Amino acid sequence: MLQDKALELGRLIGQSAEYQALKRANDALNADRDATTLLRQMEQLRVDAQRMIERGEQPTQDMENQLDDLLGKVQVSTSYQRAIAAQENFDKVMMRVNDLILEGIKKGATSSIITLT
């Protein structure tokens, strides 16, 4: 039963306006070559910096400057802005869903009625 309810919740979330907007925004961002190039370069810098930190080294000021420059460039991208806004809206929905699940758990934990359906 619990598995069925979780699948139903997942289906409903997948059909929500917020999830559909997120999916469209991410598709548009992935189709934006300039933005994806900038994001890939940012990710490569992040990976390089992480490797340096793991070796006990400090990332260079040049790396930080490059990252700031790339971030500034990607943030003006309309597709990036839409994807960020859509993600924030979806995150709000998911936080509300989680709050409601926790509320249900608390009520279920104090209920003396046992249901098998």
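User: What counts as a salt bridge here, and how many salt bridges does a search of the whole structure find?

Analyst: A salt bridge is a side-chain nitrogen of Lys or Arg within 4 Å of a carboxyl oxygen of Asp or Glu. The general idea is that side chains of opposite charge can pair when their charged atoms come close. In this structure, the whole-structure search turns up five salt bridges. Keep in mind that this is a predicted model, where local features need pLDDT of at least 70 and side-chain atom pairs count only at pLDDT 80 or more, while totals for chains, interfaces and linings use all residues. Residues are numbered from 1 along each chain as its sequence is written, and side-chain values use heavy atoms, with hydrogens and water left out.

User: Let's take arginine 11 and glutamate 8. Where do they lie?

Analyst: Helices first: they are DSSP runs (H or I, at least four residues; strands are E, at least two), numbered from the N terminus. Arginine 11 and glutamate 8 both sit in helix α1 (residues 2-15), three residues apart, about one turn of the helix. Their side chains meet in a salt bridge at 2.6 Å, N to O.

User: Which side chain does glutamate 103 meet in a salt bridge?

Analyst: That would be lysine 107, at 3.5 Å, N to O. Both belong to helix α5 (residues 78-110), four residues apart, about one turn of the helix. Lysine 107 counts as exposed, because its relative accessibility is 55%. Glutamate 103, at 38%, is partly exposed.

User: And what about glutamate 57 and arginine 55?

Analyst: Their side chains form a salt bridge too, at 3.1 Å, N to O. Arginine 55 is exposed, with a relative accessible area of 55%, and glutamate 57 is partly exposed at 35%.

User: On to packing. At what angle do α1 and α2 cross?

Analyst: Axes are lines fitted to C-alpha atoms, for helices over the stretch in contact, and angles run from 0 to 180 degrees between N-to-C directions. Here the axes of α1 and helix α2 (residues 17-31) come within 5 Å and cross at roughly 60°. That makes α1 oblique to α2, since angles under 35 degrees count as roughly parallel, over 145 as roughly antiparallel, 65 to 115 as roughly perpendicular and the rest as oblique. In contact (heavy atoms within 4.5 Å) are Ile13, Gly14 and Gln15 of α1 with Ala17, Tyr19 and Gln20 of α2. By class, these are three nonpolar, three polar and no charged residues. For the classes, Ala, Val, Leu, Ile, Met, Phe, Trp, Tyr, Cys and Pro are nonpolar, Asp, Glu, Lys and Arg are charged, and the others, Gly among them, are polar.

User: How do α2 and α5 pack?

Analyst: Their axes are 8 Å apart, at an angle of about 155°, which means α2 is roughly antiparallel to α5. On the α2 side the contact includes Leu22, Ala25 and Leu29, and on the α5 side Ala86, Phe90 and Val93 are among the residues. The contact has 11 nonpolar, four polar and two charged residues.

Notes
Buried < 20%, exposed > 50% of the residue type's maximum accessible area, 1.4 Å probe, protein only.
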